[in-house]
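Student: I would like to take a close look at one part of this model. Please treat that part as a connected whole.

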Amino acid sequence: MTDRPIIIIGAGGHLKVIIDVTRLLGYEILFATDIDASLHGTTIIGVKIAGDDDSISAFNPSDVYLANGVGIVNGTGPRRQIFEEWAASGYKFPPLLHPNAVVADTVIIEEGVQCMAGSIVQPGVRLGKNSIINNRAGIDHDVRIGNHTFIGPGVSIGGNVVIHDDAFIGANAFISQNISIGERSIIGAGSIVIRSLDADSKAVGNPARLLEKKS
């Protein structure tokens, strides 16, 4: 078992993934929370939804860990808000690395990182706070993943890529080496990105073409 139990925030689909990885890592799960009152008192694969996020405040930050069980809901904003609010109150979000993830010893892993089953992270990579590296994603050497970034299932990222904060990389996309993806950009599922993109870009296709910049 770990040195303290954990509470999971959010009861959507991502909760099930986080329950699985926290159990595999030996955490005692106290309960989960959600803003949807209709879920309060229910259970999801054996974990009780105890109430809204205010339920956390009954625990001293030094006595529990938190896990972000919110995935992508209208972008990365809600997930980021949860992390920043509770981190500012002194609560800690430990990195959650699935036992079947392959993460090189030299990878810099910041608070709240989640690496799912089958993901591969090569030497020299930096994983920013509260980022998700989804199942079967592959990240080559010396990549920089920004804070609150979502890397979808099966994504492949070449060496020396920089992906800035709050970016969303859809499932099975490929990001070619030595390019940059700007903050808050969205890359559609299956896209092949061979050129750098500015902040707030939205690109899809093979090769990826720019659809718009988010306002």
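In β2, which residue is the bridge partner of Ile-8?

Tutor: The model is predicted, so local features need pLDDT of at least 70 and side-chain atom pairs count only at pLDDT 80 or more, while totals for chains, interfaces and linings use all residues. Residues are numbered from 1 along each chain as its sequence is written, and side-chain values use heavy atoms, with hydrogens and water left out.

The bridge partner of Ile-8 in β2 is Ala-32. Here strands (E, at least two residues) and helices (H or I, at least four) are DSSP runs, numbered from the N terminus. Strands β1 (residues 6–9) and β2 (residues 29–33) run parallel and are joined by four bridges. Four bridges also join β1 to β5, again in parallel, and there Ile-7 has Leu-66 as its bridge partner.

These strands belong to an open sheet of five, ordered β3-β4-β2-β1-β5 with mixed pairing; two strands pair if DSSP finds at least two bridges between them. Its edge strands, β3 (43–44) and β5, each pair on one side only. Helix α1 (residues 13–24) packs on the sheet and touches β1, β2, β3, β4 (47–51) and β5, where contact means heavy atoms within 4.5 Å. The direction of α1 makes about 165 degrees with that of β1; axes are lines fitted to C-alpha atoms, for helices over the stretch in contact, and angles run from 0 to 180 degrees between N-to-C directions. Helix α2 (residues 77–88) lies across β1 and β5, at about 165 degrees to β5.

Within β5 (residues 65–68), Tyr-65 and Ala-67 point one way, Leu-66 and Asn-68 the other, and all are buried (under 20% relative accessible area, 1.4 Å probe, protein chains only).

How values were computed
Buried means under 20% relative accessible area, exposed over 50%, partly exposed in between (1.4 Å probe, protein chains only).
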